[in-house]
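Let's take a look around this protein together.

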Amino acid sequence: NITLTAIAVAALLQTALGAKCGNQDCGKDTPCCVRGYCNSNAQYCMPINCEPGNSYSPDSCWDTAHCVNANVNFGSANSFAQIADYNGNPASAAFVSQFEPSNAKQANNELEMTLVKQDSGKGFGATVINTRAIQYGTVTTVMRSGCLSGGVVSSFIIRNDRVGDEIDFEFVGADKATVQSNYYWHDQLDYTKMIKSPVLPDTTTNYHTYGIQWTPDKIVWSVNGNAFRTVNRADTWDSASNTFKFPDAEAYVSYSIWDGGSGAKGTSDWAGGAIQWGQGPFVMGVKSLTIDCYYKGNETTYKPPSSAGGNGNGDDDNDDDNDNDSSADEDSDDEKSSSAKPSSSKSSTKATSTAKTTDTQDDEEAGNDEEDGEGVEGDEEESTSDGEIVAGTAFERSSKTSDARGLVASVGSMAAALVAAYLF
């Protein structure tokens, strides 16, 4: 009884006081926490960004919408939306931008992503991400890179940013005749595994078809229908850790263009050195994407709660049977499952939710320095006084609590744990 009472008291204290989001508490009107700031729009409430444990409640973050078969034509409506306009319903936009201001737009019957020069001399690019997560399947895109100069990097990737699993295609301005393939497990960066494609006609002026076939047993990379690389799960066994170092976490498809030339020396050398801005403009173009899900019938169309604010009003009558607009013809089964919440599970047979945090732009593509292991200086963000994340200067979430409420909540939970440990 003492144990149950202590646990109940701690739970009540934490519920009453709310979770700490940096140095503030997220309220009902701005329930979603991202890196110490609270808001109610898509940039904060999408599962790729939102922090359930630091938000107003674990249910404040929007649910993860899972994979459905899709043919995304980026020249059509509902294939892309700026994140400020996204309402949380994946039927309204197959992809959303990740930054404000956004350098991504629909033009010339494609999705165009531009790298622009900032006053600092560094480039600021764009990242767009699928509004549905995928765990295994085949993704095929028709695109051209924007790497007209050394230093410019374009990418087409599948990544779980929290777990650190990634499968990618990367283009660098130092080499317009090939594309690089690689994969990572739990952010263990091993650039020695990179393999280039066969020689191709200029990847900046010609559209090629790039494909990733991802199953529980293997990954296959292809260009124009020709497979050039296969990684078998069985070959990734690591006896030291007693595990397969094979990407298996549910992840998101994304595209990006970014400045690798201003990064640390190893990254800059890999990308082709400092960008020659006179060789621009640097525009990456994506015509289409086809998604063929490995798992069928576990898709979910999320309807944001009305309390999520102006950008969170979904259509309560909309379901997956209607999730087949002109830009993303999604052939889904009628069966639905409940949406997964962010989890640490990495099972290869169950969907693992993921959330992409709004850290520096496209650190996922380069991660650390290509040779030296140093951090890449990508496009960064700051938060204004009202909590809006914008491009510009990096900011960090404070891990400290500046008042007694956070301390009481922490002490309450620790006290309950200690009492339970003592009595049991």
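By about how much of a helix are Lys 265 and Asp 269 separated in helix H3? They are four residues apart in helix H3 (residues 265–271), so about one helical turn separates them. (Helices, H or I with at least four residues, and strands, E with at least two, are DSSP runs numbered from the N terminus.)

A quick note: this is a predicted model, where local features need pLDDT of at least 70, side-chain atom pairs count only at pLDDT 80 or more, and totals for chains, interfaces and linings use all residues. Residues are numbered from 1 along each chain as its sequence is written, and side-chain values use heavy atoms, leaving out hydrogens and water.

The structure holds eight salt bridges, a salt bridge being a side-chain nitrogen of Lys or Arg within 4 Å of a carboxyl oxygen of Asp or Glu. Here are some of them:

| Pair | N to O distance |
|---|---|
| Lys 265 and Asp 269 | 2.7 Å |
| Arg 144 and Glu 110 | 3.0 Å |
| Asp 238 and Lys 245 | 3.8 Å |

Arg 144 sits in strand S12 (residues 137–144) and Glu 110 in strand S9 (residues 110–117), so their pairing ties together parts 34 residues apart in sequence. Both are buried, meaning under 20% relative accessible area, with exposed over 50% and partly exposed in between (1.4 Å probe, protein chains only). Lys 265, by contrast, counts as exposed at 55% relative accessibility.

Now for the inside. The largest nonpolar core has 47 residues; such a core is a set of buried Ala, Val, Leu, Ile, Met, Phe, Trp, Tyr and Cys residues joined through side-chain atoms within 4.5 Å. Strand S23 (residues 282–293) gives the most to this core, with six residues.
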